[in-house]
Amino acid sequence: MITTVGPFNATSSRSTRFLGLCLLLGIPALILFAFIFSPEDDSMEDAVRLLYIHVPVAIFSYIAFGVTAVGSICYLWKRSRWWDTTAHASAEIGVMFCGLTLVTGSIWGRPTWNTWWEWGDVRLVTTLVMFLMFIGYLALRQVPASPEARAKRAAIVGIIGTINIPIVNRSVEWWENSTLHQQSSLTDGNLENLTLFTWFLGTLVIGITYLWLLIHRFRVGWLETEEERLGYGAAIEERQAEAHGLDVGSTGIPEEGENE
Amino acid sequence: MLADSWLIARKDLQVEIRSRIIINQIAPYTLLIMVLFGFALDANTQTLRDTAPGLYWVAILLVALLAIQRGVQIEDADAARDRMLLTPVSSSSIFLGKSLALFVQLLVLEVLLFFVMMVLFDTSVEDPLLVCLSAFVATVGIATSGTLYGVIASGVGVRETLLPILLLPVLAPVAIGATRTFGDAFGRVNADGWAWFGLLVVFAVVYTVLGMFSYGQLLEEE
């Protein structure tokens, strides 16, 4: 049970319970549609089923990092803890989704492209570099420092990381100018009705998962900083109380044994 | 502003000239890295010749980390940064000055390493102008981004491990771009070296501007 600090006394609320309920229904539905109802692809065969997860997590990892960039800019502008906590929460989920994108993509690539990894592929390498940049962002967030100093450094790294992504993308594109990724099947209109529906269902489920995790992680983050802030305050008060209770000598230094 | 930047750069360079850390420790370390590459690639001269541009820039990025850490360490010691902030010098000038000092140190290391590479890896240059200009611009990019990330990682106990995690992914475009320009200039790869040179210029300009605007924000919190 989380004690009451700040505006939240728990990480769940009516909205998160509703989102959680949607996920409880959505995830089994996605599994059923992905593995049973939807047909296999003519060229990719059963590997197409991985795309119902791979493409949505890739999309939402980019959205999550975008939210981190917006949160970082707004933090530097307004100096609001709300934006800092949002940026942090979104970056954590973004890193998780980005990692999942790389893993599922690699598993999908083995039967489809006959390789686990392709250095010449622009999207692969850009996603990997982006993943590593935000791993660094999260490492910076764990550094012991005052909440304000940490938030400011993280905000600048979050913004620079996002600005760097187009440069990385362009450099990898020029590097090999090749991609094993096919053009978007969605825009080509190559997907059959049930496949398209399953893809949309996957996107919806991953989108709700992102939102659900974001709200919970935001509230945990808020409680963490609140606890840190109150913890410092309590520690200072405790030391001050100790100091007032002591009989200090003329030098201001407690005599030996006085504080026992 | 430029006069102030030069003052800051001169201060950092004087500290380095007196301590001789770059020449006595970091330069031999660079040489050691190149020798290790030779061991790792099985003393195959043809392979070393083909991969020389990439190995050269990997070595430069590794020693750049050491040089950046060294610059941050100087400012962390004895609250030197706080005292520098008390001077009537703008944060942009401090950023440019520190970047310039790092740039000069890296350039010295690059020249040394270049001749080591020519001898050990038996390389030859077909386009010296492209080599000089791309090395110059890539070093500006490394120095400006390194100075910026150096201050982000400063003042924390885990600076040595944090800085590489933060900086190396950011420097990916420099690693790719500088390797390609050198590859083209050495006649080893079929790439448009001047297009890559343009990308290195963009990187250097972006990080110089970003640094000038955000360095003050990071210094204020110290």
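This is a predicted model: local features need pLDDT of at least 70, side-chain atom pairs count only at pLDDT 80 or more; totals for chains, interfaces and linings use all residues.
Local features require pLDDT of at least 70 and side-chain atom pairs count only at pLDDT 80 or more, whereas totals for chains, interfaces and linings use all residues. Residues are numbered from 1 along each chain as its sequence is written, and chains are lettered from A in the order in which they are written.

Between the chains, 24 residues of chain B are in contact with 25 residues of chain A, contact meaning that C-beta atoms, placed from the backbone, lie within 7 Å. On the side of chain B that touches chain A, α9(B) gives the largest share, 10 residues, and the residues there divide into 19 nonpolar, 3 polar and 2 charged.

The axes of α4(A) (residues 122-141) and α7(B) come within 8 Å and cross at roughly 150 degrees, which makes the two helices roughly antiparallel (an angle over 145 degrees). The residues making this contact are tabulated below by helix.

| Helix | Residues in the contact |
|---|---|
| α4(A) | A:Val129, A:Leu132, A:Met133, A:Ile135, A:Gly136, A:Ala139, A:Leu140 |
| α7(B) | B:Leu162, B:Ile165, B:Leu166, B:Pro169, B:Val170 |

By class, this contact of α4(A) with α7(B) has 11 nonpolar, 1 polar and no charged residues.

Notes. Two residues are in contact if their C-beta atoms, placed from the backbone, lie within 7 Å. Helices (H or I, at least four residues) and strands (E, at least two) are DSSP runs, numbered from the N terminus. Ala, Val, Leu, Ile, Met, Phe, Trp, Tyr, Cys and Pro count as nonpolar, Asp, Glu, Lys and Arg as charged, and the others, Gly among them, as polar. Axes are lines fitted to C-alpha atoms, for helices over the stretch in contact, and angles run from 0 to 180 degrees between N-to-C directions. Angles under 35 degrees count as roughly parallel, over 145 as roughly antiparallel, 65 to 115 as roughly perpendicular and the rest as oblique.
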